[in-house]
There are 2 protein chains.
Amino acid sequence: MSLLTVGSVAFDALETPFGKTDKIIGGSGTYIALSASYFTKDNNLVAVVGDDFPQATIDDFNQHGINTEGLQVRAGEKTFFWSGKYHNDMNSRDTLETQLNVLEHFDPIIPEAYQNCSYLMLGNSTPSVQKTVIERLRNRPKLIVLDTMNLWISIANDDLMSVLKLVDILVVNDEEARQLTNEYSLVKAAARIQAMGPKTVIIKKGEHGALLFSEGRTFFAPALPLEEVFDPTGAGDTFVGGFIGYLAKTDDASFDNMKRAIIYGSAMASFCVEKFGAERIMNLTADEIKTRVNEFITLSAFGLES
Amino acid sequence: MSLLTVGSVAFDALETPFGKTDKIIGGSGTYIALSASYFTKDNNLVAVVGDDFPQATIDDFNQHGINTEGLQVRAGEKTFFWSGKYHNDMNSRDTLETQLNVLEHFDPIIPEAYQNCSYLMLGNSTPSVQKTVIERLRNRPKLIVLDTMNLWISIANDDLMSVLKLVDILVVNDEEARQLTNEYSLVKAAARIQAMGPKTVIIKKGEHGALLFSEGRTFFAPALPLEEVFDPTGAGDTFVGGFIGYLAKTDDASFDNMKRAIIYGSAMASFCVEKFGAERIMNLTADEIKTRVNEFITLSAFGLES
């Protein structure tokens, strides 16, 4: 089924203990759409870049089957830029520089061809932009998934509360879940979030896996234990992209299928961290994904009968 | 098969955000033996207490099928005492007071009836005491499991390295694994530990579950997401007790059976944190354990075929 992703397409400059990059391609929309491209063919992107954004990358997107009709290229403006430095434990990072550029006045225009999308993935951006997207769709998608971040929880809480009422699934990390609810226990935090609107809550715990709460049920997906995390940038978005891509492909948002979708998302995220930026998820084969998913099965199956 | 546990039997005074206790029963040997008692009937304990230790608790141990012939009661001496206060996140704690008392000169005497034990669990104590126990057993047990802590890694590293060469399984938490190996990645840390002696390494990650590394294979067991952690004291020892108790019961130390044993250990640990100290694991039924283990199956099964 058709997937619409709204998110950022950006330049990142990254520094990790393993090295540093000049401006490379990043952004939530980039990671989500690329990751989803391995699952769904009807893969539509709404985002904005400046005219400094390379056409070659847009061509790459298209080669991955991503429809970029909704990718606005603003003449005379510059692409969103973020630069950050990871600490040695790779679990925390400092922002060195943020240039909003085209994102400052992002108006998410939905091409006619994107109307009637079945699955809507609202990647991390301002809650007001996310709400505008929902309002501009003539028919409500079957499933709306929203990602957000600590910044919006702090400075745009009312807007966030407003858009949360409209979505089916919220995806946040553990710290964001705690910040949003003032609950340390993730079980309690998830229940509080469900009372805000989303019936389903996914809490990403990075190297510690992910939790799914829905319909009074809980599922835990492990993260693959890795020898090395080369660059964690985009791992959360790549996870979400695999998750929503798998749901769109299978057109099944039941609890059992969401569990499978989370395993696919986790597998995609485990690739993402192997190289800088989106390099690894630009270049994956179906066989590699299948092998990696099998590693998750081996990792967590324990052969006890209920 | 027969299990021998060597560890501490102690008094703890605990303070958590939920309340505080006077002196209650604690110690690694207490938690391990009680937890194992739900699985194996041939359950032998070596430890030392002072004559201030209540006979009623020793009776409780016996009622759980724990053989206390090896529990030395030292006249005129006092039982080991530890008091600690947990921070609000329950993941870190401060030691308020430690009184070594009888532990200062603990000589682990092995009763004749304990010779020929098949499974040996060396709970956290000084590496030299742990080594003495191994040397005093005339026949090497089928399986030797060792737990240790940050203190011994710091102040008794040579002794620890010496005893590590003699054991089959090391159980540590994530911070201890990193401290022991200077590796942040737990995959690399486990490989380093395996080079120190133990073929199998179990890394406990508290609320984030546990990892098993053995024979080039990796298994991840989730922790049950809990609404509330009332008191984490003893959860790690209770985990180990369930693990070794299940292995002793089934007399099978294959990788696949160790996976099941870890699930049982995790289930036991999830009970432990529900009340202060050992109260909850003093009072469990087989049905409660079965139900809890089924929750782990529900929590982590995702129905993807390899």
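**Figure 1. The lining of the second largest pocket draws its largest share from α7(B).** In this predicted model, the helix α7(B) supplies 5 residues of that lining. The whole lining of the second largest pocket is made of 17 residues. B:V187, B:F213, B:G216, B:R217 and B:T218 are the ones that lie nearest the centre of the pocket. Two or more lining residues come from each of α11 (286-300) of chain A and, in chain B, α7, β13 (210-214) and β14. Sorted by class, the lining of the second largest pocket holds 8 nonpolar, 5 polar and 4 charged residues. The volume of this pocket is about 320 Å³. Rolling a probe the size of a water molecule over the atoms shows where empty space is left.

**Figure 2. Chain B and chain A bury about 3300 Å² between them.** Carbon and sulfur atoms give 62% of this buried area. In terms of contacts, 36 residues of chain B meet 36 residues of chain A.

**Figure 3. Polar contacts and helices at the interface of chain B and chain A.** There are 14 residue pairs in polar contact across this interface, counting pairs with both residues at pLDDT 80 or more. On the side of chain B that touches chain A, at least two residues come from each of α7 (186-196), β14 (217-221), α9 (255-272) and α11 (286-300) of chain B. The element that gives the most to this side is α11(B), with 7 residues. The residues on this side of chain B fall into 17 nonpolar, 9 polar and 10 charged.

**Figure 4. B:K188 and A:E228 form a salt bridge between the two chains.** The closest N and O atoms of B:K188 and A:E228 are 2.5 Å apart. Across the interface of chain B and chain A there are 4 salt bridges.

**Figure 5. A:E112 and A:R138 form a salt bridge within chain A.** The closest N and O atoms of this pair are 2.4 Å apart. The two residues belong to distant parts of the chain, 26 residues apart. A:E112 sits in the loop between β8 (93-99) and β9 (119-122) of chain A, while A:R138 sits in the loop between α3 (127-136) and β10 (143-147) of chain A. Over all chains, the count of salt bridges comes to 36.

Key: Residues numbered from 1 in each chain as written. Chains lettered and ligands numbered in written order. Predicted model: local features only at pLDDT ≥ 70, side-chain atom pairs only at ≥ 80, totals over all residues. Heavy atoms only, no water. Contact = heavy atoms within 4.5 Å. Buried area = accessible area lost by both parts, 1.4 Å probe. Salt bridge = Lys/Arg side-chain N within 4 Å of Asp/Glu carboxyl O. Polar contact = N/O pair within 3.5 Å; in protein donor to acceptor, adjacent residues only side chain to side chain. Helix = DSSP H or I, 4+ residues; strand = E, 2+ residues; numbered from the N terminus. Nonpolar A, V, L, I, M, F, W, Y, C, P; charged D, E, K, R; others polar. 1 Å grid on protein atoms, 1.4 Å probe; cavity = no way out; pocket = protein on both sides within 12 Å on 5 of 7 lines; lining within 4 Å. Points joined across faces, edges and corners; volume = space filled by probe spheres on them.
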